[in-house]
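Please read it alongside the model shown here.

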Amino acid sequence: MSAKVYVLNGPNLGRLGSRQVDVYGQTSYADLVALCESTGRELGLDVTVRQTDAEHELLGWLHAAADEQAAVVLNPAAWSHYSYAVRDACAMLRGPLVEVHISNIHAREPFRHHSVVSAVATGVICGLGVDGYRLALHHLAAHRAAS
Ligand code: DQA
């Protein structure tokens, strides 16, 4: 059975491709889903990609991932910077957590420099565009025995 990985995306990421393309690039959310699914197939991972603008929905998905001991790739988007609820849900995960940001949050406005999620993540990838998701999946595949 292939390893389960949830790729979870927070608010406004459904607008990729039309949202601030100078910052987030031309790749649409549909393209991002296709990229994650094809990378998962290539690596033998069972990848499910989701996006929500509702915090409680993300919390529910994180709880389910914790129950399943699944690995998670998470772009918490704006919630990264202030949601202790998302951080607490991430702290419950029992599989690895890779936090991904498309943009380099450290090179942007000061309020983006800190992520409350990072301290409970296994690792963080930021500033590499949507390629960060592909790299996160490669990491999880390479370390799946430890997950
Ligand atoms: C983001 C960075 C956040 O600061 C922002 O609120 C987002 C996307 C990124 O992927 O670069 O929505 O997480």
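## The D131 pair

D131 is partly exposed, at 30% relative accessibility. The cut-offs for that label are simple: buried is under 20% relative accessible area, exposed is over 50%, and partly exposed lies in between, with a 1.4 Å probe and protein chains only. R134 is also partly exposed, at 29%. These two residues form a salt bridge, with the closest N and O atoms 2.6 Å apart. A salt bridge here is a side-chain nitrogen of Lys or Arg within 4 Å of a carboxyl oxygen of Asp or Glu.

D131 and R134 both sit in helix α5, residues 131-142. They are three residues apart, about one turn of the helix. Helices are DSSP runs of H or I with at least four residues, numbered from the N terminus.

## Basis of the values

This is a predicted model, in which local features need pLDDT of at least 70 and side-chain atom pairs count only at pLDDT 80 or more, while totals for chains, interfaces and linings use all residues. Residues are numbered from 1 along each chain as its sequence is written, and side-chain values use heavy atoms, leaving out hydrogens and water.

Side chains of opposite charge can pair when their charged atoms come close. The structure holds four salt bridges. Among them is the pair R112 and E109, with the closest N and O atoms 2.7 Å apart. R108 also bridges to E109, at 3.8 Å between the closest N and O atoms. Shared partners join R108, E109 and R112 into one network.

How exposed is E109? It is partly exposed, with a relative accessible area of 35%. R108 counts as buried at 16% relative accessibility. R112 counts as buried at 15%.

## Cysteines without disulfides

A disulfide is a covalent bond between the sulfur atoms of two cysteines. The cut-off is a pair of cysteine sulfur atoms within 2.5 Å. How many disulfides does the structure hold? It holds zero.

C36 is buried, with a relative accessible area of 1%. C90 is in no disulfide either. For C90, the nearest cysteine sulfur is that of C126, 16 Å away. C90 is buried too, with a relative accessible area of 2%.

Terms used: Helices (H or I, at least four residues) and strands (E, at least two) are DSSP runs, numbered from the N terminus.
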